[in-house]
Amino acid sequence: MTTFLKGHGTQNDFVIIPDPENGIELSAAAVAALCDRRGGIGGDGVLHVVRSAAHPEARSMAAEAEWFMDYRNGDGSVAEMCGNGVRVFARYLQRAGHVEEGDLAVATRGGVKRVHIDKEGLITVGMGRAELPAGEVTVSVGDRTWPATNVNMGNPHAVAFVADLAHAGTLYDPPPFAPATAYPDGVNVEFVVDRGPGQLAMRVHERGSGETLSCGTGACAVAVAAARRDGLDPAATGAPVTYEIDLPGGRLTITERPGGEIEMTGPAEIVAEGMIDADWFATIETVNP
């Protein structure tokens, strides 16, 4: 039997697999089966909780961060980072007694992230600096095409400002983008509308997961793109800029500071805990080749 928990951050939901010594092999098929909302537990992704020293991809970060978030997308593919996932990961560590309120560090494939758990239950994650690769990018849905801002938050994003969020369509399939060379490994696509000064709303197609109710790195990418569009780049103005971003699953607050550091603040909940049947887990590779 394998222990699991279920958690969400603004309804971006995850299956949590505690595995401190990295003894559980999670194949792509196993992750996809766990995330299946009918045949499995259901989630947008899996948070594999491993001590950094026990994971070959994280050993170099072990001196800075005891715990590694081995994150997988819902289709089983490996991802560099997940902003909402980091908050839920931190909430799990708190629940399990590994950390308390205050500051901690979490290792990810996108680097070490600084996290603060406050007394009111909100969690702030230092998301690092954004990169804005050069070159023009467009995204399309049906017969509509928009220019997009290329933002890298440790994972790639294409941010398009639109007149109506309904123009994003169903987001069942990845929105086409151009040029094809811009995102050789796929991209998260955000569609954004203005709601008022400093207020935005968005929908997102996350690569490997489809449309999700929230995306933390996506919200950060949206805030960065909006700051450049609005002439509020903190590196140029010398002042921090904050956007409240409404996603289908809730609200995130994103602040970019003059030095380039981006902070994301939002809730995180653990909603269930249980055991995965060993026989079912053992047959995943056969059932899901």
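E21 is exposed, with a relative accessible area of 56% (exposed, over 50%; buried, under 20%; partly exposed, in between; 1.4 Å probe, protein chains only). The structure is a predicted model, in which local features need pLDDT of at least 70 and side-chain atom pairs count only at pLDDT 80 or more, whereas totals for chains, interfaces and linings use all residues. Residues are numbered from 1 along each chain as its sequence is written, and side-chain values use heavy atoms, with hydrogens and water left out.

A salt bridge is taken as a side-chain nitrogen of Lys or Arg within 4 Å of a carboxyl oxygen of Asp or Glu; the count comes to 18. E21 pairs in this way with R51, the closest N and O atoms being 3.3 Å apart. The two residues are 30 residues apart, R51 lying in strand β3 and E21 in the loop between β2 and α1. Helices (H or I, at least four residues) and strands (E, at least two) are DSSP runs, numbered from the N terminus. R51 is partly exposed, at 27% relative accessibility.

A further salt bridge joins E256 and R228, with 2.6 Å between the closest N and O atoms. This pair connects strand β16 with helix α3 across 28 residues. E256 is buried at 6% relative accessibility, while R228 is partly exposed at 29%.
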